[in-house]
Amino acid sequence: MRILGISALFHDSAAALVDGGRVVAAVQEERLSRKKNDARLPLEAARECLAQGGLELADVDWVVFYEKPIAKFDRILQTSLGAWPRGILRFTRAMRTWLGDRLWLEGRLARELGTSADRILFSDHHLSHAASAFFPSPLERAAVLTVDGVGEWTTSAIHHATTGDDGRARLATVARQRFPGSMGLLYSAITAYLGFEVNVGEYMVMGLAAYGEPRFLPELSRVARLGPAGELALDMRYFAFHRSDAQSFSPRLEALLGPARDPATPIDLDTAEGRRLADVAASVQRLCEDYLVAAAREARRVTGEADLCLAGGVALNCVANARVAREAGFDRVVVHPAAGDAGGALGAALLVANALGEPRDRATLSPQLGRAWADEEVRGFLRDVRVRHTAFDDDDALVTEVARRLARGEVGGWFQGGSEWGPRALGGRSILADARDPGMADRVNARVKYREPFRPFAPAALADDAHRFFALDGGRYEGLTPHMLAVVPLTDAGRAELPAVCHADGTARVQTVDSRHHPRFRALLEAFRAETGVGVLLNTSLNLKGEPICGSPVDALATFDRSDLDFLVVERCLVDKRAA
Amino acid sequence: MITTTSDAPLLLRLAAPLAWRSDRAIAQKLMGFAATEQGSALDMLRAAEREADPRLRRLFFKHGRDEARHAMRFREAARRVDPRAVARASEAARAERQDLHERLGLMRFVAFVWLSERRAAKQFEVLAAHFARPAAAGSRAELARLFADIVKDERFHVSYSRAILDAWCADGREREVRRALRAVRVHGAWSAWRRAGRPFGTVLSGLVLGVVFVAAMPLFALVARLTRRPAAGWEPVRTELASLDDLRRQF
Ligand SMILES: [Fe+2]
Ligand SMILES: [Fe+2]
Ligand SMILES: [Fe+2]
């Protein structure tokens, strides 16, 4: 049975294809359309997934949308009415979108994808998240916790996943918290307050938090009341997201915490004002961690399970994930690489596959589920457009050359295999550099990323070498680090040897590289270890600031062109800056 | 050979001082250009990816790289003119690809490239002159240089696309080429008309809905407020989508 999953129309739309219970392909629309956080119907991504499976839409049995549109409309309608007479603009805008378009989603999906309406199904937002975390995991049974801004009505949910004697898995939501009690929306409101873009700047808040002290926790506890089991209640007088699309917090929040930051004013951590902003970030970050740990404990209590799967946008908070792994009392914690809404496309497809009796695929999920380019295709293209390059005939020669260049201090683009599923570059569409060089973070920033200085770069480490440099506490983070989903402390050796990836608080968001990753990426890390004695590289995504991660070789070349990277590797071709 | 009448850029020249009056307006306008250039970069790069003919592939690729570079230079210039306006506008004006190579087919695509590049070249020539004026008010040497540089590339885009069309004409496909040019012009006019039509509809339906909200909704609002369950804490539920009926439901 072939099932196409779709998530769309909020942010980060995506498509995923499941065939016979097996994941064939999954792609975010932004990687193809080149429009960051593209929320439109993922028509290109759907086409791409089908092409990867060698299928046409006529071959697809079911198309499943990742949430229930009418339940969501109900929430938006009730919230607008509850705010009457304020919120008129939001009301008219929402009604126009919904009455004109979204309520007829079934027909629109059928029309734009080119299928019939009776093949279209609708999952549930949080069940889609839950399915994305549980079905690809190695677990037979688990507690599943999903936490995000808001789905239809639900803002966090506890689900119970089990496997019967017949081998069929069951996944059911057993408890939920409802809008507006939402950690995701609170975090986003503070993101906006700190002058970052909502749904994009949350990582900056997490990075900034490392420089501050959570001294605003007493103030925040007036804004958001957190109970011992993770019960969350927001005082809506501090917020505006329920009555406005443009504004997420109210003037009352500024009266409490001080003035919000103007996005155009840079954060200077040497000033009192800069430190205040860092303290606000640290406070909301701490609250978020406390919430996630409490909610995870509650999930354990309710389900009685020993293992936990985690998904939803808040599960991209790698500092909080690591605390859950340490403190919530589970044996194993597993997070889906595309924990945000994009992941709902794959979750919805897997959920339908399971509900309709397809077997569960037990293979380890590769994080590179997008399109790959054959080496000959790449060579043909470079030849046609006359970009000078060196084509290597075997992997050994390629990785030896690249390792030598990196050890010399060069910064390079690295494009191999399918594009990554989820927000992190994991060695398929990466920029790589030597993490041993203390000046490297500044150099990568100045040449291509132009990031805020408080956002750290992450390391990729050979799994068998990682314990030397990172405090991995046995296998505690095994379900997180392969997808760069946990922030962990560096060891003394790590702090001494890897200054370029050590954050202000002595931590790093490490990726452990094992057999699930691209063999050429592992080979490169091994070659770099042979060259330098250290099997670790700085690994950041291959894109310019404000652009989505590269999808195709052409995107990579256009990025290379406008950056100061020393070289670019696409499959087995190496383009040198000086020659290009 | 293709011959067309060139429309005089008088209107452009007259409008320039108005559109480019303040730092903020200039920065915004430059960001707008950046988005347009980025959009055509995306289309040209995709065309290079899709095209089979190696020579066209190379030209489209070069064109795409040029436009991507232009976008970057416009963004940088905007940032220098007014960093605050740029920070606020930052993610608002994002480029979109139109997939024209695929949608129009090769000949109409090249016709489209030629027509729109010609328009861009003309516009940037006027702006280069505007900012190079000796009059103190509008003179900005940096922007004059920027536009002059970019115009050079735009002229190349005009000439290579025209050369492709000419080669097709010489091959005895002149009528096809003319038809393609006409189709692209008509298509352009149609989409411009559609853009002009939309805001009015938007305003009208917004007004109607606003009136509804204010006048007829208080009662419903009261009901919504009274029936609203207090949202706090975990609520036990049992939700499982186990059947096709569950999965067909939209609520
Ligand atoms: Fe979500
Ligand atoms: Fe241009
Ligand atoms: Fe151009």
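Me: How are the donor residues of the iron ion (ligand 3) spaced in sequence?
Reply: Happy to start there, with a reminder that this is a predicted model. The protein donors of this ion are E67(B), E117(B), E154(B) and H157(B). Reading along the sequence, their spacing is E-x49-E-x36-E-x2-H.

Me: Are E67(B) and H157(B) buried or exposed?
Reply: The cut-off to keep in mind is that a buried residue has under 20% relative accessible area. By that rule, E67(B) and H157(B) are both buried.

Me: Why is the arrangement around the iron ion (ligand 3) irregular?
Reply: A tetrahedral site with four donors needs all angles between 85 and 135 degrees. Around the iron ion (ligand 3), the arrangement is irregular because its four donor atoms subtend angles of 84 to 150 degrees.

Me: Which residue bridges the iron ion (ligand 3) and the iron ion (ligand 2)?
Reply: Those two ions lie 3.3 Å apart. The protein donors of the iron ion (ligand 3) lie 1.9 to 2.4 Å from it, and E67(B) is one of them. The residue that bridges the two ions is E67(B).

Me: Which residues coordinate the iron ion (ligand 1)?
Reply: Here we move to chain A, where the donor atoms lie at 2.1 to 2.3 Å. Their angles run from 87 to 171 degrees, and the site is irregular. The coordinating residues are H125(A), H129(A), D148(A) and D341(A).

Me: How many residues apart in sequence are the parts tied together by H129(A) and D341(A)?
Reply: Both of these residues are buried. H129(A) lies in helix α6 (residues 125-134), while D341(A) lies in the loop between β12 (332-335) and α13 (343-355). The pair therefore ties together parts that are apart by 212 residues.

Me: With which side chain does the side chain of D566(A) make a polar contact?
Reply: D566(A) is in the loop between α20 (553-561) and β21 (567-570) of chain A. Beyond its neighbours within four places in sequence, its contacts include G409(A), F560(A) and R447(A). At 2.8 Å, the polar contact is with the side chain of R447(A).

Me: How much space lies in the largest cavity?
Reply: Searching the whole structure turns up one cavity of 30 Å³ or more. Among the residues lining the largest cavity are V27(A), R31(A), W373(A) and G551(A). The space in this cavity is about 40 Å³.

How values were computed: Residues are numbered from 1 along each chain as its sequence is written. Chains are lettered from A and ligands numbered from 1 in the order in which they are written. This is a predicted model: local features need pLDDT of at least 70, side-chain atom pairs count only at pLDDT 80 or more; totals for chains, interfaces and linings use all residues. Side-chain values use heavy atoms; hydrogens and water are left out. Helices (H or I, at least four residues) and strands (E, at least two) are DSSP runs, numbered from the N terminus. A polar contact is a pair of N or O atoms within 3.5 Å; within protein, one must be able to donate a hydrogen and the other to accept it, and residues adjacent in sequence count only if both atoms are side-chain atoms. Contact means heavy atoms within 4.5 Å. Donors are N, O and S atoms within 2.8 Å of the metal (3.2 Å for Na, K and Ca); water is not among the atoms, so sites may look incomplete. Four donors count as tetrahedral if all angles lie between 85 and 135 degrees; four count as square planar and six as octahedral if opposite donors are over 155 degrees apart and all others between 65 and 115; anything else is irregular. Buried means under 20% relative accessible area, exposed over 50%, partly exposed in between (1.4 Å probe, protein chains only). On a 1 Å grid over the protein atoms alone, a cavity is a set of points where a 1.4 Å probe fits but cannot get out, and a pocket is an open set with protein on both sides within 12 Å along at least five of seven lines; lining residues have an atom within 4 Å of a point. Grid points are joined across faces, edges and corners, and a volume is the space filled by probe spheres set on the points.
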